[in-house]
Amino acid sequence: MHNIDLVVTLTAHERDSNNVTIAFTMGMTAAQKGYDVELLLLSDAVHLASKGYAEKIDIGEPFKPIKELLPAFLEAGGKLKVCSACMKHNGVEEDSLVEGAEIINADYVVDAIMEAKKSLQLN
């Protein structure tokens with residue numbers, strides 16, 4: 001595993017749009033500052049990696065909508081990681097994922113959390 005500066009874990013999706021927006025805002029900001037950032041989508045949050053799903057979430061000013069935050073996060077070098085077991089449980093298919101999303105397993109999640117310099121959990 002490489003050196004992760006910040007790992008953000010997220011379990012929410014549209015039912016908690018505030019936490020989703022905060023996770024992507026903080027992740028994008030950290031990546032833009034040059035930090036190595038991974039956003040781990042677990043539980044219901046795996047839906048966020050599906051093409052078009054980001055269109056559903058916009059909590060309004062002063063925050064940007066997820067349809068802008070997600071690509072900005074990836075463009076800044078942020079890494080989007082999606083739990084394989086959570087995908088299966090929630091009916092999210094691999095071919096529906098946005099470009100740049102990487103499928104991970106429980107071992108990866110545990111190692112990333114334990115080895116990251118800092119973590120932010122929004123659940």
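Let me start with a term: a residue is buried under 20% relative accessible area, exposed over 50%, and partly exposed in between, using a 1.4 Å probe and protein chains only. Ile 113 has a relative accessible area of 31%, so Ile 113 is partly exposed.

Now the ground rules. This is a predicted model, where local features need pLDDT of at least 70 and side-chain atom pairs need 80 or more, while totals for chains, interfaces and linings use all residues. Residues are numbered from 1 along each chain, and side-chain values use heavy atoms, without hydrogens or water.

Back to Ile 113. Its place is helix H4, residues 106-115. Helices here are DSSP runs of H or I with at least four residues; strands are E runs of at least two; both are numbered from the N terminus.

Next, the sheet. Five strands form an open sheet, in the order S4-S3-S2-S1-S5, with parallel pairing. Two strands pair if DSSP finds at least two bridges between them. Strands S4 (101-104) and S5 (118-122) stand at the edges with a single partner strand each, so one side of each has no neighbour in the sheet. Look inside the sheet. Strand S2 (residues 37-41) and strand S3 (residues 79-83) run parallel, joined by four bridges. Leu 41 stands opposite Val 82 in S3.

Which residues are both buried? Phe 24 and Phe 73. Phe 24 lies in helix H1 (residues 17-32). Phe 73 lies in helix H2 (residues 66-75).
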